[in-house]
Amino acid sequence: MSILKNPIFISLFSLAVLVHLTKLFGFSLPNSLAFYLNDLLCMPIVLSLCLAAVRWLKKDGHIYIPWVAIILITLYYSFHFEWLLPKFMSRYTADLIDVGLYFVGALLFYVFQKRLF
């Protein structure tokens, strides 16, 4: 579980929670932070949690998520949150910028996963 104790993971997770809390309590943030920062942080956080879970289940601290799995997970998130949910729930809006940010976050995770974890 050293991934979940990594200062970078803790910082990214804390930043995402902070953005959610500011929205919840009605504080205003610049639009770029309010609408897009969590989309950028989403995949590094989700993929880090996936990596921690796989390492814990397999009892192997040397496993890494391959790029194909990263792409598939990111495609799933893009489909689910930017196409499917907006069709059924007014809370969600489809935004191609969000999809791009998911993939940028996934790329950053892929590049840094072996260095950080």
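Mentor: Start with accessibility. Buried means under 20% relative accessible area, exposed means over 50%, and partly exposed is in between (1.4 Å probe, protein chains only). This is a predicted model: local features need pLDDT of at least 70, side-chain atom pairs count only at pLDDT 80 or more, and totals for chains, interfaces and linings use all residues. Residues are numbered from 1 along each chain as its sequence is written, and side-chain values use heavy atoms, without hydrogens or water.

Trainee: What makes Lys-59 count as exposed?

Mentor: Its relative accessibility is 67%. The cut-off is over 50%, so the label holds. Lys-59 sits in the loop between α3 and α4. Its phi is near 55°, a positive value in a residue other than glycine.

Trainee: How do you know what to call a helix?

Mentor: By DSSP runs, numbered from the N terminus: helices are H or I with at least four residues, and strands are E with at least two. The protein chain has five helices and zero strands. Its order from the N terminus is α-α-α-α-α.

Trainee: What makes Ser-78 buried, and what does it touch?

Mentor: Ser-78, in helix α4, has 9% relative accessibility, which is under 20%, so it is buried. Contact means heavy atoms within 4.5 Å. By that rule, and leaving aside neighbours within four places in sequence, Ser-78 meets Trp-83, Val-99, Tyr-102 and Phe-103. Across the protein chain, 32% of the 117 residues count as buried.

Trainee: Why is Asn-38 called buried, and where does it lie?

Mentor: Asn-38 has 15% relative accessibility, so it too is under the 20% limit. It lies in helix α3, residues 31-58. Not counting residues up to four places away in sequence, Asn-38 touches Leu-15, Ala-16, Val-19 and His-20.

Trainee: What makes the link between Asn-38 and His-20 a polar contact?

Mentor: A polar contact is a pair of N or O atoms within 3.5 Å; within protein, one must be able to donate a hydrogen and the other to accept it, and residues adjacent in sequence count only if both atoms are side-chain atoms. The side chains of Asn-38 and His-20 are joined at 3.2 Å, so the distance passes.

Trainee: What makes something a pocket?

Mentor: A 1 Å grid is laid over the protein atoms alone. A pocket is an open set of points with protein on both sides within 12 Å along at least five of seven lines, whereas a cavity is a set where a 1.4 Å probe fits but cannot get out. Lining residues have an atom within 4 Å of a point. Points are joined across faces, edges and corners, and volume is the space filled by probe spheres set on them. The largest pocket holds about 780 Å³. It has 25 lining residues, and His-20, Lys-23, Asn-38, Asp-39 and Tyr-92 are the closest to its centre. The elements giving two or more residues to this lining are α2 (7-24), α3, α4 (67-88) and α5 (96-116). The largest share, 11 residues, comes from α3.

Trainee: How do you know whether the chain's radius of gyration agrees with a compact globule?

Mentor: The radius is taken over C-alpha atoms, and the rule is 2.2 Å times the number of residues to the power 0.38. For 117 residues a compact globule would be near 13 Å; the chain has 15 Å, which agrees.
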